[in-house]
Amino acid sequence: MTQHLSAAGLPAAGAANTLSAEPASSAMQKPLSKHSAFEDAQALVTGTLLVSLGVAFLGKAGLITGGTAGIAFLLHYLTGISFGKLFFAINIPFYVLAVRKMGWKFTLKTFCAVALLSASTELLPMVLHLDELNTIYGSVMGGLLCGVGLLVLFRHRASLGGINVLVLWLQERFGIRAGVVQLALDAAILLCAIPLISLPAVFISLLGAAMLNMILAINHRPGRYMAI
């Protein structure tokens with residue numbers, strides 16, 4: 001994920017500081033390495049495949065998650081329409097925000113990621129059959145898989161649209177950690193699921209959301225990843 005904020009280099013303390021300030025200076029001026037088109041493409045495929053597997057775990061366990069995916073899950077449980085179709089449709093209005101706040105390149109990659117995830121969740125049942133899955137394991141592994149998949153997308157300046165766009169804009173504009181904001185929004189979405197799934201399932205779903213956002217909060221900090 002592109003970071004517009006540069007990492008702040010601190011001078012070494014003590015005797016090391018008297019040697020030379022040049023290394024720190026040159027490190028700060030070092031140009032960022034750019035992702036190639038191939039690197040971006042493999043990231044979109046890898047990230048969406050990981051998220052689609054995480055979604056399959058959560059769905060099989062009868063759980064829910066946060067973000068736009070959580071909204072799609074809620075509507076799926078209400079209407080019976082497939083997750084993939086709902087996820088693609090819900091994201092359409094958010095592309096306007098993505099273009100205005102994040103640019104066309106980010107929006108195009110996000111659109112591709114959303115389309116890939118929608119397609120992969122529709123096709124996954126053809127190649128994967130989960131007969132039995134422990135609910136807690138499904139929550140933890142589903143959250144971790146979704147978190148790693150999102151991390152891959154974020155680091156290649158892409159997202160899965162919807163709330164991800166808002167979260168990434170807040171981080172780039174104000175330096176607010178993506179994982180922290182996402183966790184608060186996810187909790188609100190999970191609370192809305194109480195009328196649709198059992199209360200124990202909601203609490204177990206919170207565990208999965210915590211796993212997802214732990215991955216983002218720890219590994220996706222402003223200035224930590226310096227590639228574009």
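## Lining of the largest cavity

By class, nine nonpolar, seven polar and one charged residues make up the lining of the largest cavity. The structure described here is a predicted model. In this model the count comes to one cavity of 30 Å³ or more, and the space in the largest cavity is about 170 Å³. Its lining comprises 17 residues, of which Gly66, Ala69, Leu150, Leu160 and Leu212 are the closest to the centre.

Four helices each supply at least two residues of this lining: helix 3 (37-60), helix 4 (67-79), helix 8 (135-154) and helix 10 (178-192). The largest share, three residues, comes from helix 4.

## The nonpolar core

The largest nonpolar core has 48 residues, and those that touch the most other members are Ile64, Phe83, Phe87 and Leu160. Helix 11 (residues 199-219) provides the largest share of this core, six residues. Leu160 is also among the residues closest to the centre of the largest cavity.

With neighbours within four places in sequence left aside, phenylalanine 87 is in contact with Thr68, Ala69, Ala72, Val114, Leu117, Ser118 and Leu160. Two of these partners, Ala69 and Leu160, are named among the residues closest to the cavity centre.

## Threonine 65

Threonine 65 is placed in the loop between helix 3 and helix 4. Is this residue buried or exposed? Its relative accessible area is 6%, under the 20% limit, and threonine 65 therefore counts as buried.

Apart from neighbours within four places in sequence, the contacts of threonine 65 are Leu58, Gly70, Phe73, Ile189, Leu190 and Leu212. Of these, Leu212 also belongs to the residues closest to the centre of the largest cavity.

## Salt bridges

The structure holds two salt bridges. In one of them, the side chains of lysine 109 and aspartate 40 meet with an N to O distance of 3.5 Å. Lysine 109 lies in helix 7 (residues 104-123) and aspartate 40 in helix 3, so this pair ties together parts that are 69 residues apart in sequence. Lysine 109 and aspartate 40 are both buried.

Lysine 85 forms a salt bridge with glutamate 122, and the closest N and O atoms are 3.4 Å apart. This pair links distant parts of the chain, with lysine 85 in helix 5 (residues 83-91) and glutamate 122 in helix 7, 37 residues apart. Lysine 85 has a relative accessible area of 52% and is exposed, whereas glutamate 122, at 31% relative accessibility, counts as partly exposed.

Key. Residues are numbered from 1 along each chain as its sequence is written. This is a predicted model: local features need pLDDT of at least 70, side-chain atom pairs count only at pLDDT 80 or more; totals for chains, interfaces and linings use all residues. Side-chain values use heavy atoms; hydrogens and water are left out. On a 1 Å grid over the protein atoms alone, a cavity is a set of points where a 1.4 Å probe fits but cannot get out, and a pocket is an open set with protein on both sides within 12 Å along at least five of seven lines; lining residues have an atom within 4 Å of a point. Grid points are joined across faces, edges and corners, and a volume is the space filled by probe spheres set on the points. Ala, Val, Leu, Ile, Met, Phe, Trp, Tyr, Cys and Pro count as nonpolar, Asp, Glu, Lys and Arg as charged, and the others, Gly among them, as polar. A nonpolar core is a set of buried Ala, Val, Leu, Ile, Met, Phe, Trp, Tyr and Cys residues joined through side-chain atoms within 4.5 Å. Buried means under 20% relative accessible area, exposed over 50%, partly exposed in between (1.4 Å probe, protein chains only). Contact means heavy atoms within 4.5 Å. A salt bridge is a side-chain nitrogen of Lys or Arg within 4 Å of a carboxyl oxygen of Asp or Glu.
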